[in-house]
Amino acid sequence: MSDATSTSLIKDIKSKYKSMYEKMHEIEQIKKEIRVLKKNLFNTCAHEWIRDWDEPSDSICKWKCKHCDLSRNPNCN
Ligand SMILES: [Zn+2]
């Protein structure tokens, strides 16, 4: 393989990594925004708690709101 080809491949790989890190950063930002929105929703919804049968009986997350689908335990959301 010629040096020129290798140099070009290395450049491409670096560029892909850069793009990947930018997207990961973007995903982290969106996750943060979702956390804030869920916190607001948790404080504004008139919750009605129902048993979440997908959660095991010893789960701390077994109660969820039938309106907003958030868990009664904020650590689960
Ligand atoms: Zn609710």
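The following questions and answers concern a predicted model. Residues are numbered from 1 along each chain as its sequence is written. Local features need pLDDT of at least 70 and side-chain atom pairs count only at pLDDT 80 or more, while totals for chains, interfaces and linings use all residues.

Student: What separates the centres of domain 1 and domain 2?
Tutor: Domain bounds come from an automatic or database domain assignment. Domain 1 covers 1–44 and domain 2 covers 46–77. Taken over C-alpha atoms, their centres are separated by 31 Å.

Student: How many residues of α1 are buried?
Tutor: A residue is buried if 20 or more other C-beta atoms, placed from the backbone, lie within 10 Å of its own, exposed if 12 or fewer, and partly exposed in between. Helix α1 lies largely in the open, because the number of its 42 residues that are buried is zero.

Student: Is Asp69 buried or exposed?
Tutor: Asp69 is in the segment after β2. Its phi is positive, about 70°, although Asp69 is not a glycine. With 12 C-beta neighbours inside 10 Å, Asp69 counts as exposed.

Student: How far apart in space are Asn75 and Ile60?
Tutor: Asn75 is in the segment after β2 (63–65), and Asn75 counts as exposed because it has 7 C-beta neighbours inside 10 Å. Asn75 and Ile60 are 15 residues apart in sequence; in space, C-alpha to C-alpha, they are 8.7 Å apart.

How values were computed
Helix = DSSP H or I, 4+ residues; strand = E, 2+ residues; numbered from the N terminus.
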